[in-house]
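Subject: Structure handover and notes

Dear colleague,

I am handing over the structure below, together with my notes on it. Please keep it open beside this email while you read.

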Amino acid sequence: QKAAFEALDNQQKQLKTQIEAELSAISRLEQNVVLMPSELHRLLFLQQELKIQQIQLELYHQELQQLLQPGANLKCITALVITEEPFPIVVTKGKQMEDDPVVAQVLSGASVDFKSFGKMKVNLICDNQQVKGSTQKPIDTDTQNVDAVRRSAKWTLKFLNGTRKNAVNLRFSLQMQVGVNSSSSSTNITIESQISQPFIVITNECQWEESEGILLKKDAFGEQSEIRWQRFANIMQRHFLRATRQDPVHPTRCLFYSDFEYLHQKFFGGHAIITQKNFDTFWSWFGKGIQKLRYQRHICPMWQAGLIQGFVGRKFVEETLQKYDVGTFLVRFSERNAGLFAVAYKTDDSNPQLQIRHYLIRPDDTAGAKKTLPDFLAEQSTFVYILQVNVDPDGNVTMRKLQKDSVLEQYYSKKNSLPPLNGYDDNIPIRSSGRFGDYTSPGEELTVDSPPDDMIE
């Protein structure tokens with residue numbers, strides 16, 4: 001019998017070595033290859049399953065070691081494991097996480113007999129310490145019944161306090177009555193899970209940009225001062241899809257290779273290794289744009305529909321527009337004015353070098369709840385045809401020229417207009433004050449009297 005136990009022990013050691021090798025291979029793949037969303041999703045799923053199997057195998061190994069020690073008191077070998085979690089993410093205070101459940105499950109050795117379960121409890125952890133001292137508990141429902149068959153509990157959490165832009169974690173605990181090998185005797189034990197991935201609870205959307213930057217940096221770098229670009233790109237992709245509320249497997253418009261290439265060259269100099277300092281510079285620009293995509297009205301749907309070009313440089317913009325008719329325009333992120341958009345458009349200027357012009361959309365151009373980016377674009381008669389970007393699964397970029405109103409009308413605000421009145425002008429004519437450096441008014445409707453948009457390299 002001892003020989004059989006030793007043979008089984010050797011099999012477990014071999015399986016442990018194989019799982020560790022597969023986890024290492026996954027890590028190398030993530031650090032060396034920029035993956036697309038479906039590939040990333042499969043990789044993360046496999047990684048999570050292997051880690052759970054690794055824990056389960058360790059429990060079996062511990063149980064077998066007990067059996068190899070005659071006369072030893074047999075212990076109930078169990079573990080509480082978080083098997084499903086959406087973190088790291090930014091969570092909004094008071095909002096139920098109905099689409100982002102957390103699941104904690106009890107794993108055990110083969111000889112454990114579960115008699116009964118108490119309620120599973122969840123605690124908020126900050127700096128490895130349980131959050132205490134508040135007059136109001138931090139989590140709305142902090143206990144949950146355990147499914148006795150699956151030996152798990154599923155949580156749709158709601159947090160009642162903000163965390164002041166500090167990253168926090170969850171830890172689950174469970175009291176249960178267990179025995180060994182269906183014996184009549186039993187004992188009460190308490191087990192705790194490992195901590196969850198970090199998250200931040202915000203109280204208003206103004207806190208999102210900084211909080212998401214903290215989590216992305218922590219997720220990418222951990223305790224390291226520098227990492228490979230490919231790893232950062234993969235982690236950035238996951239955070240981007242979450243920020244723009246897209247399906248992680250089949251998103252409408254993810255970050256494609258052309259986007260990564262632009263960001264890599266612009267903010268990281270194309271280097272294979274990036275530093276935390278590089279990240280801080282990058283996020284001070286990128287974070288404001290993602291905040292707009294997430295919260296500003298109509299911006300995310302326009303992005304997903306390809307009506308916002310996004311991450312493109314001046315050379316690409318001008319070479320593209322030269323191929324199209326006068327009145328064709330595209331919308332992009334401004335490079336020097338983080339969080340703002342710029343419009344590049346083609347005019348009929350007799351000087352070919354001045355035909356492509358750029359206008360920075362200032363905050364007061366879209367001020368108020370009833371004046372959105374589509375409304376601003378609708379008002380400019382200079383803008384006739386919008387360029388829609390399309391990217392195929394292989395990352396090839398193509399453009400479609402579309403009549404502005406045909407695609408933007410669905411986003412226009414519905415205004416209550418007064419009927420024409422005798423004795424009053426219908427419109428106020430405003431003349432352009434001309435060009436300002438390389439940036440002009442897009443037509444007589446606009447006057448450029450402020451510093452120009454960024455000088456895109």
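Residues are numbered from 1 along each chain as its sequence is written, and side-chain values use heavy atoms, with hydrogens and water left out.

The average pLDDT (the predictor's confidence in each residue, from 0 to 100) is 88 for the protein, and 87% of the residues score at least 70. Over residues 430-438, however, the pLDDT is below 50, although this stretch has 23 contacts (heavy atoms within 4.5 Å) in the model beyond near neighbours in sequence. Residues 441-457 likewise stay under 50 in pLDDT, and for them the model has 66 contacts beyond four places in sequence. Where pLDDT is low, the predicted coordinates should not be read in detail.

Of its 457 residues, 47% are buried (under 20% relative accessible area, with a 1.4 Å probe and protein chains only).

Helix H2 (residues 37-67) and helix H4 (residues 229-243) have axes (lines fitted to C-alpha atoms, for helices over the stretch in contact, with angles from 0 to 180 degrees between N-to-C directions) that come within 11 Å and cross at roughly 100°. H2 is therefore roughly perpendicular to H4, a term that covers angles of 65 to 115 degrees. On the H2 side the contact is made by Pro37, Leu40 and Leu44, and on the H4 side by Asn234, Gln237, Arg238 and Leu241. These residues divide into 4 nonpolar, 2 polar and 1 charged, where Ala, Val, Leu, Ile, Met, Phe, Trp, Tyr, Cys and Pro count as nonpolar, Asp, Glu, Lys and Arg as charged, and the others, Gly among them, as polar.

An open sheet of 3 strands has the order S1-S3-S8, with antiparallel pairing (two strands pair if DSSP finds at least two bridges between them). Its edge strands, each pairing on one side only, are S1 (78-84) and S8 (152-155). Strand S3 (residues 102-108) pairs with S8 over 4 bridges, and Ala104 has Ala153 in S8 as its bridge partner. Helix H2 also lies across S1 and S3, running at about 175° to S1.

Note on methods. This is a predicted model: local features need pLDDT of at least 70, side-chain atom pairs count only at pLDDT 80 or more; totals for chains, interfaces and linings use all residues. Helices (H or I, at least four residues) and strands (E, at least two) are DSSP runs, numbered from the N terminus. Angles under 35 degrees count as roughly parallel, over 145 as roughly antiparallel, 65 to 115 as roughly perpendicular and the rest as oblique. Buried means under 20% relative accessible area, exposed over 50%, partly exposed in between (1.4 Å probe, protein chains only).
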